[in-house]
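Biologist: Hi! Could you walk me through this model in plain words?
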Amino acid sequence: MKTLDAISKRASVREYQSRPVEKALLEKLVDAGRRAPTARAVEPWEFAVITERKTLEKIGQIADHGHFIRDAACCIAVFCKDTKYYLEDGCAATENILLAAADLGLGACWVAGDKKTYTHEVSTLLGAPPNLKLISLIPAGWPKAKPEQTKNRNLRDVLHWEKF
Ligand SMILES: Cc1cc2nc3c(=O)[nH]c(=O)nc-3n(C[C@H](O)[C@H](O)[C@H](O)COP(=O)(O)O)c2cc1C
């Protein structure tokens, strides 16, 4: 799939088949994450890949807007060191992972990690060192249905040539 196809086809997927995702594909997703742009080239990220059902269920229980994590084949937790641009860097890595998932035919969804009531609990559950900040949780798996992208605002609504 070409990059622009992946961008056009990516949509949040919250329902997954029970089929596992091969380790090689999970590595591809993380590899896409670590290739994201990063302010001052600090590459502050660390990625935890969770496939154990018990841990997925526990995260799904804790993350109030991510209950569907419990049914995902895996979940990638994106962490960053507390650098000046940690959030931007972590978000860039998150989007790279979502696009790579779309490219591979996997379904995935961005679940908020930063600034949430459950941020600390998820970090503790995963044994993250205290200097790392949780940016996002990315449950993924083979989608139950074909993802359909729906956008409320079209190009003409958001594009301003030269000036507003
Ligand atoms: C910063 C951020 C946090 C998000 N958090 C959640 C979340 O906690 N739970 C969830 O189901 N979706 C979450 N989403 C996904 C959005 O709901 C989704 O991207 C939006 O509805 C647009 O749909 P699309 O991804 O299919 O284009 C989040 C997206 C972003 C960018």
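Modeller: Happy to. One term before we start: a residue is buried if 20 or more other C-beta atoms lie within 10 Å of its own, exposed if 12 or fewer, and partly exposed in between, with C-beta atoms placed from the backbone. This is a predicted model, where local features need pLDDT of at least 70, side-chain atom pairs count only at pLDDT 80 or more, and totals for chains, interfaces and linings use all residues. Residues are numbered from 1 along each chain as its sequence is written.

Biologist: Thanks! Which residues of helix 2 are buried?

Modeller: Leu26, Leu29, Val30 and Gly33 are. Helices (H or I, at least four residues) and strands (E, at least two) are DSSP runs, numbered from the N terminus. They sit on the same side of helix 2 because they cover an arc of only 90 degrees around the axis, taking the directions from the helix axis to the C-beta atoms.

Biologist: And what is exposed on the other side of helix 2?

Modeller: Ala24 and Glu27 are exposed there.

Biologist: What do the buried residues of helix 2 pack against?

Modeller: They pack against strand 1 (45–50), strand 2 (74–81) and helix 4 (86–103).

Biologist: OK, switching to the core. How many residues does the largest nonpolar core have?

Modeller: The largest one has 41 residues. A nonpolar core here is a set of buried Ala, Val, Leu, Ile, Met, Phe, Trp, Tyr and Cys residues joined through C-beta atoms within 7 Å. Cys75, Ile76, Ala77 and Ala140 have the most contacts inside the largest core. Helix 4 gives the most to this core, with eight residues.

Biologist: Which residues is Ile76 in contact with?

Modeller: Leaving aside neighbours within four places in sequence, Ile76 is in contact with Leu29, Val30, Phe47, Val49, Ile97, Ile138 and Ala140. Contact means that the two C-beta atoms, placed from the backbone, lie within 7 Å.

Biologist: Nice. What surrounds the ligand?

Modeller: Ala11, Ser12, Arg14, His65, Gly66, Cys109, Trp110, Val111, Ala112 and Gln149 do, each with its C-beta atom, placed from the backbone, within 6 Å of the ligand. That shell divides into five nonpolar, four polar and one charged. Ala, Val, Leu, Ile, Met, Phe, Trp, Tyr, Cys and Pro count as nonpolar, Asp, Glu, Lys and Arg as charged, and the others, Gly among them, as polar.
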